Amino acid sequence: MQNREVIIIGGGMVGALTALLLARQGDIIHLVEKTPCTTPSADEIFDLRVSAFSAQSKNLLEQAGVWEQIPANRLCAYRGLQTWEKGSARLKFDSADIGIDALGYIAENRWIQAVLWQALKELDNVTFHENRQVNSITNADSGVSINLDNNTQISADLLIACDGANSTVRQLLNIGITAWDYRQQCMLINIKTNRGQQDITWQEFRETGPCAFLPLADNNASLVWYHHPLKINQLKSLSNAQLKEVIKAEFASLDFDFEVQDKGSFPLTRRHAQRYYKGVCVLLGDAAHTINPLAGQGVNLGFKDVECLVDLLHNSSDLPLQSILKRYENRRKPANLLMQTAMDVFYKGSKCELSSVRLLRKGILGLAQNSGVLKNRVMKYAMGLQ
Ligand SMILES: Cc1cc2nc3c(=O)[nH]c(=O)nc-3n(C[C@H](O)[C@H](O)[C@H](O)COP(=O)(O)OP(=O)(O)OC[C@H]3O[C@@H](n4cnc5c(N)ncnc54)[C@H](O)[C@@H]3O)c2cc1C
């Protein structure tokens, strides 16, 4: 079946990319978004919500024709990645070791969303329902219909839920989740440094949780600090000048001067939907899974969901829709679960204070640093190239 009518709930990075790729294939799209998307100014200070995009995600955004639209002064390629346990040697990854220019790219979420929306606005087969939310869903094998909060009714062949971690669609469909709270929060701090453009991202593991440095374009950077919610609340109550002094004392690797520009925090929760589809409604991105952000995989997994579903809808159009959705679930659910579990093993292992675990950790990091081919394979996997 070609030229399906598709409702997409949520126009964040995952929903907007899905809408664009399906619209380009000729599907008729209804995009429902509760918050209007505006294009930020390229001169504004950096937003706190930034993501590291893998080479595979970059390729997908290039195929969608939007990568080039991200202003150069909002995009940072990083060529090195270093990780270590406090007081231990560093495990270093370098893009040159596998003959490529960059391990990944860091950009603000709002810019990725904005360039996708700009491209969507040029298409005639996309109808926007901005400032709107879904109130009810009637989901049958033959099609789906929804009611919005302004009483508009829309019917379609397929509904794609991309409405994020607290997905209303998932709840309206009664799809359960397995979830746990890490009892930690993640503090994001944007700084402006007195150094030129940095191109190495690093992460130090401590018993209280990881601390990370993500270079942003020009002399900007994002610091990520995991800690107990009480500590994060105390840090947030400090003035920017006071926070800078605490960071200088805690982040030994920051050997240059900087100014704190903005700060905020996010709770850390792992969620996984018990199923990815019901009838002709399907979950993608954070609506289906959220992951500990320590390895920057969240939206990259969401983009893999998009790539998989769009490919199946395009290349298996002779199959009934529910068989396509089943295939999507069979491909993406185990892969997402594996990545969630790998991140948790890493995260919990890094916080364990048992001396035997510490020794094992140091041993593994040391072996990995000298493992050559294995290290390069890990690097390629994280970039989505394998
Ligand atoms: C601290 C932190 C750091 C992170 N760092 C990285 C990283 O480095 N790399 C990475 O890959 N990932 C990272 N992530 C994860 C990444 O931010 C998410 O995976 C990604 O934003 C999910 O995109 P999404 O489009 O699925 O959901 P969202 O970004 O949540 O978008 C959902 C959209 O749906 C809309 N919406 C919600 N409810 C409704 C409704 N009822 N009706 C209509 N619209 C609705 C919202 O307004 C929003 O526009 C990080 C996450 C956190 C918390």
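Which residues of the largest nonpolar core touch the most other members? They are Ile146, Leu159, Ile160 and Phe303, in a core of 73 residues. This is a predicted model, in which local features need pLDDT of at least 70, side-chain atom pairs count only at pLDDT 80 or more, and totals for chains, interfaces and linings use all residues. Residues are numbered from 1 along each chain as its sequence is written, and side-chain values use heavy atoms, with hydrogens and water left out.

**Overall**
- The chain has 10 helices and 20 strands; these are DSSP runs numbered from the N terminus (helices H or I, at least four residues; strands E, at least two).
- Of the 386 residues in the chain, 53% are buried (under 20% relative accessible area; exposed is over 50%, partly exposed in between; 1.4 Å probe, protein chains only).
- Residues 24 or more positions apart supply 73% of the contacts with a separation of 6 or more, a contact being heavy atoms within 4.5 Å.
- Accessible surface comes to about 16,800 Å², and 50% of that belongs to carbon and sulfur atoms (Shrake-Rupley method, 1.4 Å probe; for residues, only the protein chains shown count as cover).

**Nonpolar cores**
- A nonpolar core is a set of buried Ala, Val, Leu, Ile, Met, Phe, Trp, Tyr and Cys residues joined through side-chain atoms within 4.5 Å.
- In the largest nonpolar core, of 73 residues, H1 gives the most, with 9 residues.
- A second, separate core has 26 residues, including Tyr78, Cys186, Ala212 and Leu268.
- Leu159 touches Ile7, Ile9, Ile137, Val144, Ile146, Val169, Val280, Cys281 and Val282, leaving aside residues up to four places away in sequence.

**Helix H2**
- H2 spans residues 55–63, and its buried residues are Ala55, Gln56, Ser57, Lys58, Leu60 and Leu61.
- Their cover includes helices H1 (13–24), H3 (109–121) and H7 (298–315), plus strands S3 (50–53) and S7 (104–108).
- Gly65 follows H2 and has a positive phi, near 80°.

**Sheets**
- S3-S7-S4 is the order of an open sheet of 3 strands with antiparallel pairing; two strands pair if DSSP finds at least two bridges between them.
- S3 and S4 (75–78) are at the edges with a single partner strand each, so one side of each lacks a neighbour in the sheet.
- Twist averages 25° from one strand to the next (axes are lines fitted to C-alpha atoms, for helices over the stretch in contact; angles run from 0 to 180 degrees between N-to-C directions).
- S4 and S7 share 4 antiparallel bridges, and Ala77 stands opposite Tyr105 in S7.
- H3 lies across S3 and S7, at about 85° to S7.
- S13 (residues 177–193) runs antiparallel to S17 (residues 258–273), joined by 14 bridges; Asn190 has Asp262 in S17 as its bridge partner.
- S13 also joins S16 (residues 220–227) through 8 antiparallel bridges, with Ile191 partnered by Ala221 in S16.

**Salt bridges**
- The whole structure holds 16 salt bridges, each a side-chain nitrogen of Lys or Arg within 4 Å of a carboxyl oxygen of Asp or Glu.
- Asp344 and Arg270 meet at 2.4 Å, N to O. Asp344 lies in H8 (residues 321–351) and Arg270 in S17, so the pair ties together parts 74 residues apart in sequence.
- Asp344 is buried at 5% relative accessible area, and Arg270 is buried at 9%.
- Arg206 and Glu204 form a salt bridge, with closest N and O atoms 3.3 Å apart.
- Glu44, Arg74, Glu108 and Arg110 are linked in a salt-bridge network.
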